[in-house]
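Ready for some practice with helices and pockets? Take a look at the chain below, then work through the exercises one step at a time.

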Amino acid sequence: MKIISSIEELRDQLSGQLRTAFVPTMGNLHEGHLSLMRLARKHGDPVVASIFVNRLQFGPNEDFDKYPRTFQADVEKLEKEGVYVLFAPTEKDLYPEPQEYRVQPPDDLGNILEGEFRPGFFNGVCTVVTKLFSCVQPKVAVFGKKDYQQLMIVRNMARQFALPTQIVGAETFRAEDGLALSSRNMYLSTDERAEAPALYQALNFVANEMRAGEHDRIGLEQRAMAQLDARGWKPDYISIRKRIDLQAPSADDLARGEPLVVLAAAKLGTTRLIDNLEI
C-alpha cells in the first residue's frame with residue numbers, strides 16, 4: 001500500500017485509473033470502516049482510502065483536538081484489506097491556503113437534525129468531500145448509512161454538481177448487542193458501553209410502533225426520548241422522517257405508507273452518539 005500526502009503525487013499515482021473506488025475517513029478505523037473498504041472493492045478497482053481529520057466540520061466546542069488519531073494501527077488494517085493507496089494529507093497539504101470557498105448544502109436539508117445541533121457541520125463535510133473528490137477523482141465513493149443525513153447530502157451534492165462519482169451507501173455495521181460502530185465509542189466508560197445499545201433499542205421501539213399502525217408521530221418521538229432521558233441520557237432528537245428528503249411526514253404520507261427513517265442523537269455521559277433505522 002502506498003501512503004501519499006501530496007495532491008500532486010496522488011494524481012500522478014492514480015493517473016489513467018478509470019474505476020477508482022474511494023472511501024474517505026477520519027481514521028481511528030474499526031470494523032465498520034473496513035467493511036466499507038470491502039464494499040468499495042466490489043464496485044471498483046483500485047481501492048483508495050483517505051485519513052484526514054477535517055477541522056472545517058468541527059464546531060468551536062467540539063472534540064477536534066482530542067479526536068482519536070491512531071495512524072499506525074489504521075495503516076496496518078488497511079494493508080490487510082489490500083487498499084492500494086492511502087491518501088493521508090496534512091492540513092497544509094489539503095488546505096495550503098485558507099479554505100475561503102465553501103460548499104453549502106440547502107438549508108432544508110443541511111440545517112435540520114444534525115445541522116441544527118452542529119451548525120456549519122455539513123458545510124465542512126461538503127467542502128472537504130468536494131476537495132477529496134477533486135484529488136482522487138473516483139468513479140465510486142462509499143459512505144456508511146450510520147451517518148444517514150450525511151450520505152443523503154453527499155449523494156444530492158454529487159448529483160446536482162454532475163460529479164462523475166457514484167455514491168454508494170453501506171449498511172450500518174453493528175456490534176452483537178446492536179450498538180452502531182463509531183470511532184467515538186472509545187470514549188465510553190465500561191458502564192456507558194453496556195448502556196449504549198439503549199439508543200438502538202429506542203429506534204426499534206419507534207419503528208415497531210410505527211409498523212403496528214401508530215400514527216401519532218410526535219407523541220411517539222416524545223415517548224422514546226423520555227425513555228432515554230429516564231435512563232440518564234441527554235437526547236438531542238429522535239425524529240421520524242421521510243427517507244426521500246428527511247422532511248417530517250404528513251398524515252397523508254403516513255396513511256399511504258411513505259418509506260420512513262427514524263434518526264436519533266443523544267449524549268451518554270460526555271459522548272454524543274447518533275444512529276438511525278429505516279422503517
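**Exercise 1.** Work out whether the crossing of H7 and H8 is left-handed or right-handed, and how their directions relate.

*Solution.* Start with the handedness: in this predicted model, H7 crosses H8 in a right-handed way. Next, get the angle. Helix H7 covers residues 121-136 and helix H8 covers residues 148-160; their axes come within 11 Å and cross at roughly 50°. Angles from 65 to 115 degrees would be roughly perpendicular and those under 35 roughly parallel, so H7 ends up oblique to H8. Now see who touches whom: H7 brings Phe121, Phe122, Val125, Cys126, Val129 and Thr130, while H8 brings Gln149, Gln150, Ile153, Val154 and Met157. Sort them by class and you get eight nonpolar residues, three polar ones and no charged ones.

**Exercise 2.** Now do the H10 and H11 pair: why is H10 described as roughly antiparallel to H11?

*Solution.* The axes of H10 (residues 198-211) and H11 (residues 217-230) come within 10 Å, crossing at roughly 155°. Anything over 145 degrees counts as roughly antiparallel, so that's the label for this pair. The crossing of H10 and H11 is right-handed. Their contact has nine nonpolar, one polar and two charged residues.

**Exercise 3.** Describe the second largest pocket: how much space lies in it, and which residues are closest to its centre?

*Solution.* The space comes to about 200 Å³. There are 16 lining residues, with Ile51, Phe52, Val53, Arg69 and Phe71 closest to the centre. By class, the lining has nine nonpolar, four polar and three charged residues.

Technical notes: Residues numbered from 1 in each chain as written. Predicted model: local features only at pLDDT ≥ 70, side-chain atom pairs only at ≥ 80, totals over all residues. Heavy atoms only, no water. 1 Å grid on protein atoms, 1.4 Å probe; cavity = no way out; pocket = protein on both sides within 12 Å on 5 of 7 lines; lining within 4 Å. Points joined across faces, edges and corners; volume = space filled by probe spheres on them. Nonpolar A, V, L, I, M, F, W, Y, C, P; charged D, E, K, R; others polar. Axes fitted to C-alpha atoms, helices over the stretch in contact; angles between N-to-C directions. Helix = DSSP H or I, 4+ residues; strand = E, 2+ residues; numbered from the N terminus. Left-handed = near helix turned anticlockwise from the far one by under 90°. Contact = heavy atoms within 4.5 Å.
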